[in-house]
Each structure stands twice: as C-alpha cells, then as structure tokens.
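Trainee: Could you walk me through reading a model like this one? I'd like to start with how its elements are named.

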Amino acid sequence: MDLNAWFHWLFPSPGYFLLALAGLLVLFGLIGGLTDSRVFTEADPPPPDEEDRPSSRPWWTRDEEHYREWNEHQARERRRTAGNGSAPD
C-alpha cells in the first residue's frame with residue numbers, strides 16, 4: 001500500500017487528524033514538563049541566581065521605596081515641564 005492509503009486508513013476524516021495532532025502536542029508538552037531540568041521541589045532551596053532578593057525585605061520598606069521613587073519621578077517631570085512654560089497636569 002502506498003502512503004496516501006495508509007493516511008486515509010488512519011485518519012478517515014480531518015477531525016481525527018486534528019484530534020491526533022492535538023494529542024501529540026499534549027503528550028510532548030507533558031514529556032517536556034516532566035523532564036524540565038530547571039524544576040526544583042519546594043523542599044529544595046532555590047538556586048542562588050534565581051533568588052528574589054527584594055522580596056526578602058518587609059513589605060513596608062518595599063512600598064516606601066516605590067513611593068519615594070515615584071515622587072522623585074514626579075518632581076523631575078515638574079522641573080522638566082516648568083522650563084517649557086506649560087502647566088503641569
């Protein structure tokens with residue numbers, strides 16, 4: 001038998017072909033997810049290069065730093081636009 005006949009025997013309609021294609025994609029995704037070498041369990045400490053340093057500080061210091069940066073940005077914008085003669089929004 002030739003290849004065309006085998007293909008039509010395996011997939012008598014386009015729906016079966018699409019279903020098989022989706023199944024293969026899911027299967028490869030599962031295999032890829034299970035064999036991911038970067039995955040570590042919760043009991044393992046995170047690798048040092050992926051450690052999230054800012055999250056180790058308390059939330060109030062992170063918020064304080066964010067608002068300080070935002071206020072400095074706003075002051076820079078006011079100084080920049082004040083020289084142009086336009087009123088700030």
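Mentor: Helices (H or I, at least four residues) and strands (E, at least two) are DSSP runs, numbered from the N terminus. Residues are numbered from 1 along each chain as its sequence is written. This is a predicted model, where local features need pLDDT of at least 70, side-chain atom pairs count only at pLDDT 80 or more, and totals for chains, interfaces and linings use all residues, while side-chain values use heavy atoms, leaving out hydrogens and water.

Trainee: How many salt bridges are there?

Mentor: The rule asks for a side-chain nitrogen of Lys or Arg within 4 Å of a carboxyl oxygen of Asp or Glu. That gives 2 salt bridges here. Glu64 pairs with Arg68 at 3.2 Å, N to O; both sit in helix α3 (residues 59-82), 4 residues apart, about one turn. Arg80 and Glu77 pair at 2.8 Å, N to O, and they are 3 residues apart in helix α3, again about one helical turn.

Trainee: Is Arg80 buried or exposed?

Mentor: Buried means under 20% relative accessible area, exposed over 50%, partly exposed in between (1.4 Å probe, protein chains only). Arg80 is exposed at 52%, while Glu77 is partly exposed at 28%. In the other pair, Glu64 is partly exposed at 49%, and Arg68 is partly exposed at 41%.

Trainee: Which helix does Phe7 belong to?

Mentor: Phe7 lies in helix α1 (residues 3-10), and Phe7 is partly exposed at 38% relative accessibility.
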